[in-house]
Amino acid sequence: MKRIVILGSTGSIGCQTLEVVREHREDFEITALAAGSSIDKLEVQAREFLPKLVCVWDSEKALELKKRLSDTGIGVVNGMEGMIACATEVSADIVVGAVVGMIGILPTIEAIKAGKDIALANKETLVTAGHIIMPLVKEKGVKLLPVDSEHSAIFQCLQGLHGEKEVERLILTASGGPFRGRKLSDLKDIQVEDALKHPNWAMGRKITIDSSTMVNKGLEVIEAKWLFDVDFDNIQVVLQPQSIIHSMVQFTDGAVMAQLGTPDMRLPIQYALYYPYRSPLSGDRLDFGSMGGITFEKPDMETFRGLSMAYEAGKAGGSVPTVYNAANERAVARFLNKEIGYLTIYEMIEYALNKHTRIENPTFEEILSIEKETYRLLDEKWN
């Protein structure tokens with residue numbers, strides 16, 4: 001029986017993690033759940049899985065949930081202290097980090113310090129604090145297991161590897177999102193509803209917008225550098241519109257290994273939870289006889305500048321990826337609120353990067369300060 005904490009249980013990854021647990025109740029137990037403000041959904045989850053602890057970020061909603069769950073004996077906490085309490089719950093074996101945003105970093109750090117394995121779906125953790133996280137993972141001897149479908153694919157391809165010198169290149173695949181093949185002039189009048197129509201994956205609103213701008217792939221490139229200790233020049237992005245090949249590894253002898261499957265996020269989630277083993281999973285299977293074909297394209301990094309700017313930010317390192325991430329978060333939030341145009345997302349990221357003075361090895365406190373300063377800078381410019 002593996003005991004699981006889910007940070008971000010009411011989001012897309014969190015809900016799909018609970019689907020996996022629901023299908024394998026004999027193997028898993030939920031010990032803590034944390035969410036932002038969706039107390040209706042969290043109450044339903046808590047009553048079904050009966051964790052020891054639940055956390056709601058919003059303090060008033062936490063009080064409301066506490067009243068609702070008063071008949072269950074489930075503890076209710078709130079805020080960052082509550083998130084950390086969930087992440088470090090004594091009996092837990094593994095923490096699924098699926099919360100969106102920078103608030104996921106500190107609970108992840110504390111979970112690692114407490115000796116918990118991490119199934120990581122929170123991009124900000126490695127993008128902004130990889131230089132803090134990876135040495136800590138090594139020091140504490142815990143497992144950091146990628147949940148992102150592309151990173152999970154690479155991780156699966158690397159199983160059985162006898163030495164890191166065997167890897168020549170990582171190849172991250174991307175669907176290309178809803179605007180694949182379009183040019184800059186075609187994107188000028190894009191509306192929120194257009195950008196939320198992803199052709200293959202069912203994801204949250206923010207990550208769906210990121211996929212359309214290819215910022216999401218840029219963040220994955222930076223994550224891959226930390227997860228697999230590979231130089232940026234050895235990380236390639238290729239479009240694979242059918243989302244059948246989730247990513248590949250090219251080895252030094254020229255062989256390429258790929259992980260294929262239907263576009264179902266439950267697969268990488270379940271692989272992380274069962275690692276190093278596999279278990280049956282319901283759902284569709286690939287039918288190669290009727291598939292038709294798998295195609296590849298080069299990404300258009302001039303039109304979809306989110307990817308090219310990510311490479312630049314990643315290579316600059318230090319505090320620069322934090323600015324890239326924070327600027328994108330602010331820009332996407334403004335776009336989703338219909339306060340800016342689609343292409344302004346790129347303008348805001350570029351503006352923030354150009355205004356920033358790089359810090360070599362930012363502390364966690366400096367990372368948070370840089371995020372706030374980036375928000376302030378952009379709000380002044382785009383008020």
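Two strands are taken as paired if DSSP finds at least two bridges between them. On this basis, the predicted model contains an open sheet of four strands. The strand order is E9-E8-E10-E11, and the pairing is mixed. Strands E9 (235-239) and E11 (256-260) form the edges, each pairing on one side only. On average, neighbouring strands of the sheet are turned by 20 degrees against each other, direction ignored. Strand E8 (residues 167-174) and strand E10 (residues 245-251) run antiparallel and are joined by five bridges. Arg169 stands opposite Gln250 in E10.

Two residues other than glycine were examined for positive phi. Met214 has phi near 70 degrees. Met214 sits in the loop between helix H9 (205-213) and helix H10 (215-228). Its relative accessible area is 5%, so Met214 is buried. For Lys338, phi is about 60 degrees. Lys338 belongs to the loop between helix H13 (320-336) and helix H14 (344-355). Lys338 has a relative accessible area of 55% and is therefore exposed.

A cis peptide bond links Tyr275 to Pro276, with omega near 10 degrees. Pro276 is placed in the loop between helix H11 (266-274) and helix H12 (305-316).

The disulfide count is zero, with a cut-off of 2.5 Å between cysteine sulfur atoms. For Cys15, the nearest cysteine sulfur is that of Cys86, 16 Å away. Cys15 is in no disulfide. Cys15 counts as partly exposed because its relative accessibility is 23%. Cys157, at 4% relative accessibility, counts as buried.

Terms used
Residues numbered from 1 in each chain as written. Predicted model: local features only at pLDDT ≥ 70, side-chain atom pairs only at ≥ 80, totals over all residues. Heavy atoms only, no water. Helix = DSSP H or I, 4+ residues; strand = E, 2+ residues; numbered from the N terminus. Axes fitted to C-alpha atoms, helices over the stretch in contact; angles between N-to-C directions. Buried < 20%, exposed > 50% of the residue type's maximum accessible area, 1.4 Å probe, protein only.
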